[in-house]
Amino acid sequence: GLLESGSDLKKRKRKLMEISNELNEIFFQYPFQVPGFFALVTRGLGLLEGIALVGDPNFDIFMASAPYATKRAVSILGDHSLRRMSRSFTSGRDSQGIADV
């Protein structure tokens with residue numbers, strides 16, 4: 001997945017495009033709306049990552065944000081629920097994290 005792409009910018013861009021294309025398909029299949037602020041936050045994160053990559057070509061926004069994201073998820077969902085979700089998310093996936101269909 002995207003995390004496995006590491007600091008290889010070309011691989012990360014390609015993987016991000018794949019994810020973006022998959023999300024676009026989902027958005028067209030299922031009628032729901034994404035809040036406007038979600039797009040702004042996503043855009044902001046992309047900009048910040050670009051700035052960080054200028055200073056450190058090996059910077060990985062996902063690895064840098066993982067500790068905060070994990071703490072935040074635990075505070076919202078609880079440790080038990082997060083572990084259960086993590087197990088269900090990783091089951092049925094191949095070695096590269098691709099879901100079996």
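**View 1. Surface of the whole chain.** The chain exposes about 8,500 Å², and carbon and sulfur atoms supply 64% of that area. Accessible areas come from the Shrake-Rupley method with a 1.4 Å probe; for residues, only the protein chains shown count as cover. This is a predicted model: local features need pLDDT of at least 70, side-chain atom pairs count only at pLDDT 80 or more, and totals for chains, interfaces and linings use all residues. Residues are numbered from 1 along each chain as its sequence is written, and side-chain values use heavy atoms, with hydrogens and water left out. Of the 101 residues of the chain, 9% count as buried. Buried means under 20% relative accessible area, exposed over 50%, and partly exposed in between (1.4 Å probe, protein chains only).

**View 2. The helices of the chain.** The chain has 4 helices and 0 strands. Along the sequence the pattern reads α-α-α-α. Helices (H or I, at least four residues) and strands (E, at least two) are DSSP runs, numbered from the N terminus. Take the contacts between residues at least 6 apart in sequence: 38% of them join residues at least 24 apart. A contact means heavy atoms within 4.5 Å.

**View 3. Lys-15 and Glu-18 in helix H1.** The side chains of these two residues, Lys-15 and Glu-18, form a salt bridge, with N to O at 3.2 Å. A salt bridge is a side-chain nitrogen of Lys or Arg within 4 Å of a carboxyl oxygen of Asp or Glu. Both partners, Lys-15 and Glu-18, sit in H1 (residues 9-29), 3 residues apart, about one turn of the helix. Lys-15 is buried, at 17% relative accessible area. Glu-18 is partly exposed, at 35%. The whole structure holds 2 salt bridges.

**View 4. Asp-79 and Arg-83 in helix H4.** Here Asp-79 pairs with Arg-83 in a salt bridge; their closest N and O atoms are 2.3 Å apart. Both residues, Asp-79 and Arg-83, belong to H4 (residues 79-90) and lie 4 residues apart, about one turn of the helix. Asp-79 is partly exposed, with a relative accessible area of 37%. Arg-83 is partly exposed too, at 48%.

**View 5. Phe-32 in a loop.** Phe-32 lies between H1 and helix H2 (36-55). Its relative accessible area is 42%, so Phe-32 counts as partly exposed. Leaving out residues up to four places away in sequence, Phe-32 touches Ile-26 and Phe-27.

**View 6. Confidence along the chain.** The mean pLDDT of the chain is 77, and 80% of its residues reach 70 or more. pLDDT is the predictor's confidence in each residue, from 0 to 100. Over residues 96-101, pLDDT stays under 50. For residues 96-101 the model has 10 contacts beyond four places in sequence.
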